[in-house]
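Let's walk through this structure together, one piece at a time. Please keep the sequence and the 3D view open as you read.

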Amino acid sequence: MSNQRSVGCILTSLSLRTAWEALRNPLPKVPWFILSGLSKGRLSTKDRLLSWGMRVDPQCVFCYSVNESHEHLFFNYYFTACIWGRILHLFGMTRCPWEWEHEINWAVQYLKKEGFSSSLYKLAMAGIVYYSWKARNDSIFGNKQCISDSIYEQIVKDVQDRVFSWRNCGCSSLNRVLCRGWNISEKVL
């Protein structure tokens with residue numbers, strides 16, 4: 001009987017310890033495979049499918065006026081450019097989105113830095129790519145139309161949720177401004 005009690009105590013302590021560790025530790029870094037695929041030009045856009053000999057309608061499912069390509073979807077098309085422009089505004093940037101290659105080259109230089117603003121930018125960029133690609137696929141495979149406001153709001157919510165799990169991000173005037181812009185509690189600083 002005492003052995004059963006001992007085993008029960010060990011199992012209880014292991015499960016409590018596991019739960020505590022899961023709550024105490026920050027969330028693991030999420031591998032944003034889609035962002036990597038896009039940065040290498042490997043997403044299966046219609047122009048790529050055509051180059052492989054597949055029979056697909058080449059037109060963009062959003063605008064039906066231009067053939068779909070990486071460059072068009074990110075950010076030559078006003079749908080994604082509008083969302084990214086709003087995201088850039090949260091960073092205090094007043095510039096318009098650039099073409100994808102220029103945007104990614106700028107991001108590579110910017111993201112070399114460590115810190116709160118760089119981490120926010122990484123999350124936001126992964127969000128715009130993920131949700132734009134998802135909207136494109138939902139339109140093709142699910143006959144669902146998505147509006148830019150819902151994608152923008154989802155990106156902001158995802159960034160906020162992720163940042164709320166961070167601790168001691170560094171209290172600086174820039175970080176406080178970013179927290180206000182993104183509507184994130186300054187308690188993370």
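**A buried arginine, a helix pair and the cysteines**

Arg136 counts as buried because its relative accessibility is 4%, and buried means under 20% relative accessible area, found with a 1.4 Å probe on protein chains only. You are looking at a predicted model, in which local features need pLDDT of at least 70, side-chain atom pairs count only at pLDDT 80 or more, and totals for chains, interfaces and linings use all residues. Residues are numbered from 1 along each chain as its sequence is written, and side-chain values use heavy atoms, leaving out hydrogens and water.

You will find Arg136 in helix H7 (residues 116-142); a helix here is a DSSP run of H or I with at least four residues, numbered from the N terminus. Leaving aside residues up to four places away in sequence, Arg136 touches Ser44, Thr45, Lys46, Val61, Phe62, Glu68 and Leu73, where contact means heavy atoms within 4.5 Å.

Now turn to two other helices. The axes of H5 (residues 78-90) and H8 (residues 148-163) come within 10 Å and cross at roughly 35 degrees. These axes are lines fitted to C-alpha atoms over the stretch in contact, with angles from 0 to 180 degrees between N-to-C directions. Among the residues making the contact are Phe79 and Ile83 of H5 and Ile151 and Tyr152 of H8.

Finally, the cysteines. The whole structure holds zero disulfides, a disulfide being a pair of cysteine sulfur atoms within 2.5 Å. For Cys63, the nearest cysteine sulfur belongs to Cys60, 3.9 Å away. Cys179 counts as buried because its relative accessibility is 1%.

Notes
Buried means under 20% relative accessible area, exposed over 50%, partly exposed in between (1.4 Å probe, protein chains only).
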